[in-house]
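Colleague: I would like to go through the labels attached to this model and hear what each one rests on.

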Amino acid sequence: MKKITLLFFVIATILSTQAQTKIGDAVVPNQVTFSGEELVMNGGGLREKFFFDIYAGVLYLKGKNNKAASIASADETMAVKVHILSGLMSRKKMASALKSGFEKSTNNNTGPLKDRIEKFIGFVSEEIEVGQVFDMVYEKGKGSVLYKNGVEKGYVEGLDFKKALFNIWLGNNPVDKGLKQEMLGNK
């Protein structure tokens with residue numbers, strides 16, 4: 001009986017470690033489910049600034065894809081997970097980073113999205129702590145949803161908004177070129 005229990009424990013441990021990936025100090029799932037749709041990790045990496053790991057960023061898609069433009073334009077459920085690793089990331093800094101990211105992703109043409117950008121940034125209303133997880137999910141038929149630690153904070157409609165949001169990480173002028181390549185599974 002002890003051998004069976006030990007074997008079961010070993011198998012369970014192996015399966016549970018295969019279902020997750022370690023990125024820096026973050027442990028992220030290899031699969032997530034939003035709106036009843038299973039998504040797989042496409043790739044992930046670290047956003048670093050001044051030699052500090054600020055967050056682990058992970059891209060989840062229905063199937064593997066390394067074509068940034070087609071991912072950003074696709075009208076299908078997908079997600080970017082941001083796992084906070086540093087106390088340097090505050091609510092104010094995240095709001096500023098999102099605003100700057102939208103400016104870069106739209107080539108400073110935020111006018112048509114201005115109200116929706118402000119609404120989305122407004123979902124980051126509480127102070128941020130190390131270990132918190134933000135999921136920015138495009139849910140087909142609903143819009144771009146922000147989840148904090150698994151709790152929905154709100155959503156913004158429009159495929160045009162989703163494209164600008166995902167281009168923060170995947171566009172021609174991404175927040176971090178190395179992270180973009182890692183999210184695309186190229187590193």
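Modeller: One term comes up at once: two residues are in contact when heavy atoms lie within 4.5 Å. By that criterion, Gln31 touches Glu38, Leu39, Val40 and Tyr60, with residues up to four places away in sequence not counted. Bear in mind that this is a predicted model.

Colleague: What makes Gln31 partly exposed?

Modeller: Its relative accessibility is 47%. Buried means under 20% and exposed over 50%, so 47% puts Gln31 in between, as partly exposed. Gln31 belongs to strand β3, residues 31-34. Its C-alpha atom is 6.0 Å from that of Met41, ten residues apart along the chain.

Colleague: Why is Phe166 called buried?

Modeller: Because its relative accessibility is 1%, and the limit for buried is under 20%. Phe166 sits in helix α5, residues 159-170. Beyond its neighbours within four places in sequence, the contacts of Phe166 include Leu59, Met78, Val80, Met136 and Tyr138.

Colleague: How do you know that the buried residues of α4 are on the same side?

Modeller: In α4, residues 114-122, the buried ones are Ile117, Phe120 and Ile121. They cover an arc of only 95° around the axis, which is why they are placed on the same side of α4. An α-helix has 3.6 residues a turn, so residues three or four places apart point the same way. The partners that the buried residues of α4 pack against are α3, β7, β8, β9 and α5.

Colleague: Which residues touch the most other members of the largest nonpolar core?

Modeller: Val82, Met94, Met136, Leu165 and Trp169, in a core of 39 residues. Helix α5 gives the most to this core, with seven residues. Val82 has Met94, Met136 and Trp169 among its contacts, residues up to four places away in sequence being left out. Another core, of 16 residues, lies apart from the largest one and includes Val58, Leu85, Val145 and Tyr147.

Conventions:
Residues are numbered from 1 along each chain as its sequence is written. This is a predicted model: local features need pLDDT of at least 70, side-chain atom pairs count only at pLDDT 80 or more; totals for chains, interfaces and linings use all residues. Side-chain values use heavy atoms; hydrogens and water are left out. Helices (H or I, at least four residues) and strands (E, at least two) are DSSP runs, numbered from the N terminus. Buried means under 20% relative accessible area, exposed over 50%, partly exposed in between (1.4 Å probe, protein chains only). The arc is that of the directions from the helix axis to the C-beta atoms. A nonpolar core is a set of buried Ala, Val, Leu, Ile, Met, Phe, Trp, Tyr and Cys residues joined through side-chain atoms within 4.5 Å.
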